[in-house]
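Let's take a friendly walk through the salt bridges of this model. Have the sequence and the 3D view ready as you read.

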Amino acid sequence: LRSLRLLRLFRILRVLKLARALVQGEMRWVYAPEFELFMSAVIALNAVVMSLELDFDWGGWSLVENAFLVIYVLELAARI
């Protein structure tokens, strides 16, 4: 139990280190045309997936939705 808490602490520290690198780093890539094109493609793919969800009953749709959610949250965090 103690080792699991230690591993959890290391995971939190790793996330904080990544967040610090993002905050202190150069973020001009967020406004690059390539990133804009990537995000546009993600939005279009999300629209296609949403239409497929209505037609096909599959248990994995929640995983796909969570992947889109992670991408959108990372974009939001990068732009703030």
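## Salt bridges in the model

How many salt bridges does the model hold? The count comes to 2, where a salt bridge is a side-chain nitrogen of Lys or Arg within 4 Å of a carboxyl oxygen of Asp or Glu. Glu36, Glu75 and Arg79 are linked by them in a network.

This is a predicted model, in which local features need pLDDT of at least 70, side-chain atom pairs count only at pLDDT 80 or more, and totals for chains, interfaces and linings use all residues. Residues are numbered from 1 along each chain as its sequence is written, and side-chain values use heavy atoms, with hydrogens and water left out.

Helices here are DSSP runs of H or I with at least four residues, numbered from the N terminus.

## Glu75 with Arg79

Arg79 also meets the side chain of Glu75 in a salt bridge, at 3.1 Å, N to O. Both residues belong to helix α3, 4 residues apart, which is about one turn of the helix.

## Buried or exposed?

Buried means under 20% relative accessible area, exposed over 50%, and partly exposed in between (1.4 Å probe, protein chains only). Glu75, at 19%, counts as buried. Glu36 is partly exposed at 34%, and Arg79 is partly exposed at 27%.

Notes. Helices (H or I, at least four residues) and strands (E, at least two) are DSSP runs, numbered from the N terminus.
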